[in-house]
Amino acid sequence: MSLSSDIKEYALNLGFTRAGLCPADDFTDHLRETAGRGDDYAFHLHRPGLPLSDCHPRRIMPGARSIAVLALDYARVAFPEKLSRMVGRIYQARCYNPPADSLNGARLELMGRFLSGRGLKVNYSQAVPARPAGARAGIIDFGRNTFAYAGRHGSFIVLYTFLLDKELDYDRPTLKSRCPPDCRACQEACPTGALAAPFILKPLLCLAFNAWKTQPATGNGISAYIPAAIREKMAAHIHGCDLCQAACPRNRRKVEDRFPEDPFLKLLDDDFSLSRVLAMPESFFEKRIRPIMYNYIQEPKYFQRNAAVALGNQGDPDSGPELVRALGSPHDIVRGHAAWALGKIGGKKSAAALEAALNGEPDGEVKREMLSAREALAV
Ligand code: SF4
Ligand code: SF4
């Protein structure tokens, strides 16, 4: 057996769904496409480090010759309905950039150990553009919603890439999408028009993007104040959005089949609500948020902001008191988005709370939020 087939067999033995190998050449098409999209991807240029350097695998690991690309089907358990309205399935599955002390982290660690043990220099890289790498390695094709699809496993998969320093036997790339010619279900399901055309995602309109990229501390130049038009569409989503995948006929089996319960997710689901996120103490953050949402958002205030928006969208007057309390948050973005949510909920109590908070509000941006919430109430 060749080293190439040994690598793929070991990956399948570890539980990965698919494994492929491709050369570690630059991702020039991806680079051209992303750089050519102007304003849509301007935030890349604000990133610390070299923008789009991830398209050059040999900048990540000098001497890289090959990429092992592995896919894991993470939709093999039932995702609780309530939690899934708030949190995307991929986060619930704890498989996206998993920490070393997790099951999926251990799986990656074992894979890395196997590769090193076979004499390869290895770099497990989260930077390589995984979807183009997956297509180059022949294990996925692109859906028109821009997600990667692995045959009957659909798009609820996660991709991992290992850079390797030896030439291997490469798989045949997937060049064509397997979407049915006339299907537009994903575009129709997207509430914001983020899927502007087949294979074109406008990130600034995507709910998933807005829930996490809106963290100025990451240096991407994007405001922490989510645009009002996006807030309206966020429904209850505080982290991730699966709407364009859930509507896809290629995922029908994954959405409709019954899968076994995940007791840990059940435990989280029982304990999880938007109100609890908005008012969370540190223990809730550590026990209920971090175990599944450990990647993109490091500070609780962003989850609280998103929860305030979601509560506003629900429009339930019962959440009024919690939102009023949030007007006293030490974090300006929580106060600002809570004000917006009170404007959506309406009522005399919301109006009185906004009036009282306006008087003592020190932050100009929050004041503007409060004033427009008050205006919304007056309509
Ligand atoms: S993840 Fe949600 S908001 Fe983003 S493109 Fe898909 S449906 Fe639209
Ligand atoms: S909804 Fe239709 S067009 Fe969109 S990814 Fe699925 S099959 Fe392709």
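1. Helices α1 and α7. In this predicted model, helix α1 (residues 3-13) packs against helix α7 (residues 103-117) at an angle of about 160°, and their axes are 11 Å apart. That makes the two helices, α1 and α7, roughly antiparallel, since an angle over 145 degrees is put in that class. The crossing of α1 and α7 is right-handed.

2. Residues at the α1 and α7 contact. From α1, the residues involved are Asp-6, Ile-7, Tyr-10 and Ala-11. From α7, they are Leu-110, Met-111, Phe-114 and Leu-115. By class, the contact of α1 with α7 has seven nonpolar residues, one charged residue and no polar ones.

3. Aromatic pairs. The count of aromatic pairs comes to twelve. In one of them, the ring centres of Tyr-91 and Tyr-296 are 6.0 Å apart and the planes stand at 80°, so the pair is edge-to-face; the cut-off for that class is over 60 degrees. Tyr-91 belongs to helix α6 (residues 89-92), while Tyr-296 is in the loop between α16 (282-289) and α17 (300-314).

4. A tilted pair. Phe-285 and Phe-303 form another aromatic pair, with 6.2 Å from centre to centre and 55° between the planes, and this pair is tilted. Phe-285 lies in helix α16 and Phe-303 in helix α17.

5. An aromatic cluster. Which residues do ring pairs link into a cluster? They are Tyr-91, Tyr-96, Phe-209, Trp-212 and Tyr-296. The edge-to-face pair described above, Tyr-91 with Tyr-296, has both of its residues in this cluster.

6. Thr-146. Most residues other than glycine have a negative phi. Thr-146 has a positive value, near 75°. Thr-146 is placed in the loop between β4 (141-142) and β5 (148-149). With a relative accessible area of 12%, Thr-146 is buried. Neighbours within four places in sequence set aside, Thr-146 is in contact with Arg-131, Phe-199, Ile-200 and Leu-201.

7. Phe-199. Phe-199, one of the residues in contact with Thr-146, also has a positive phi, near 70°. Phe-199 is in the loop between β7 (195-197) and β8 (200-201). Is Phe-199 buried or partly exposed? At 38% relative accessibility, Phe-199 counts as partly exposed.

8. Arg-184. Arg-184 sits in the loop between β6 (157-164) and α9 (185-189). Its relative accessibility is 33%, so Arg-184 counts as partly exposed. Apart from neighbours within four places in sequence, Arg-184 is in contact with Arg-144 and Pro-198. The C-alpha atoms of Arg-184 and Val-69 are separated by 29 Å, and the two residues are 115 apart along the chain.

Key: Residues are numbered from 1 along each chain as its sequence is written. Chains are lettered from A and ligands numbered from 1 in the order in which they are written. This is a predicted model: local features need pLDDT of at least 70, side-chain atom pairs count only at pLDDT 80 or more; totals for chains, interfaces and linings use all residues. Side-chain values use heavy atoms; hydrogens and water are left out. Axes are lines fitted to C-alpha atoms, for helices over the stretch in contact, and angles run from 0 to 180 degrees between N-to-C directions. Helices (H or I, at least four residues) and strands (E, at least two) are DSSP runs, numbered from the N terminus. Angles under 35 degrees count as roughly parallel, over 145 as roughly antiparallel, 65 to 115 as roughly perpendicular and the rest as oblique. A crossing is left-handed if the near helix is turned anticlockwise from the far one by less than a right angle, and right-handed if clockwise. Contact means heavy atoms within 4.5 Å. Ala, Val, Leu, Ile, Met, Phe, Trp, Tyr, Cys and Pro count as nonpolar, Asp, Glu, Lys and Arg as charged, and the others, Gly among them, as polar. Rings of Phe, Tyr and Trp (its six-membered ring) pair if their centres lie within 6.5 Å; planes under 30 degrees apart count as stacked, over 60 as edge-to-face and the rest as tilted. Buried means under 20% relative accessible area, exposed over 50%, partly exposed in between (1.4 Å probe, protein chains only).
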